Amino acid sequence: MKQMEMLETQIKEFINALNNAQTSINHMLVFSEICKTQPINSADLIVKLDMEKSTLNRVLHSLSENGRGKVKAAKLINIEMDLTDRRQRNITLTTKGKKLMNKMFGTKK
């Protein structure tokens with residue numbers, strides 16, 4: 001029962017941080033995986049999460065500092081082009097993302 005309460009608290013923290021009605025379980029999955037393995041590239045995220053590239057891109061942009069369309073940017077992650085393979089993007093947490101990670105998971109990375 002305590003685990004369920006903790007999970008509910010983590011989800012609420014995450015949704016509040018995004019301040020976005022369009023938050024989905026995919027946002028939480030992607031953010032959690034980035035927290036566990038940062039830095040990580042987009043290709044590795046696709047494999048680890050078994051997610052379509054277009055879905056991942058949409059989620060990454062809403063979590064990043066440069067949201068697209070009507071989605072407000074959450075500013076939780078940085079996305080930078082890989083210098084050795086320009087097709088790949090490296091993903092790390094912003095200061096805001098690290099603070100949320102610490103609140104949600106109690107880890108310091």
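Entry 1, helix 2 against helix 3. Axes here are lines fitted to C-alpha atoms, for helices over the stretch in contact, and angles run from 0 to 180 degrees between N-to-C directions. With that settled, and keeping in mind that this is a predicted model, I looked up how helix 2 and helix 3 pack, and I found an angle of about 115° with the axes 11 Å apart. The crossing of helix 2 and helix 3 is right-handed. I then listed the residues that make this contact, which are L29, V30, E33, I34 and T37 on the side of helix 2, and L45, K48 and L49 on the side of helix 3. Sorted by class, the contact of helix 2 with helix 3 has five nonpolar residues, one polar residue and two charged residues.

Which residues of the largest nonpolar core touch the most other members? I found V30, F31, I34 and L45, out of the 22 residues in this core. Helix 2, helix 3, helix 4, strand 3 (89-93) and helix 5 each supply at least two residues of the core, and the largest share, five residues, comes from helix 2.

Most residues other than glycine have a negative phi, and most peptide bonds are trans. I therefore looked for exceptions to this pattern. The peptide bond from Q38 to P39 is cis, with omega near -5°, and I placed P39 in the loop between helix 2 (25-37) and strand 1 (40-41). D50, which is not a glycine, has a positive phi of about 50°, and D50 is found in the loop between helix 3 (42-49) and helix 4 (53-63). Is D50 buried or exposed? The cut-off for exposed is over 50% relative accessible area, so D50, at 72% relative accessibility, counts as exposed. K75 also has a positive phi, near 60°, in a residue other than glycine, and I located K75 in the loop between helix 4 and strand 2 (77-81). The relative accessible area of K75 is 44%, so K75 is partly exposed.

Entry 5, the chain as a whole. I finished with the overall layout, in which the chain has five helices and three strands, and from the N terminus on its elements run α-α-β-α-α-β-β-α. Of the 109 residues of the chain, 39% count as buried. For contacts in the chain with a separation of 6 or more, I noted that residues 24 or more positions apart account for 46%.

Key
Residues numbered from 1 in each chain as written. Predicted model: local features only at pLDDT ≥ 70, side-chain atom pairs only at ≥ 80, totals over all residues. Heavy atoms only, no water. Helix = DSSP H or I, 4+ residues; strand = E, 2+ residues; numbered from the N terminus. Buried < 20%, exposed > 50% of the residue type's maximum accessible area, 1.4 Å probe, protein only. Left-handed = near helix turned anticlockwise from the far one by under 90°. Contact = heavy atoms within 4.5 Å. Nonpolar A, V, L, I, M, F, W, Y, C, P; charged D, E, K, R; others polar. Core = buried A, V, L, I, M, F, W, Y, C linked by side-chain atoms within 4.5 Å.
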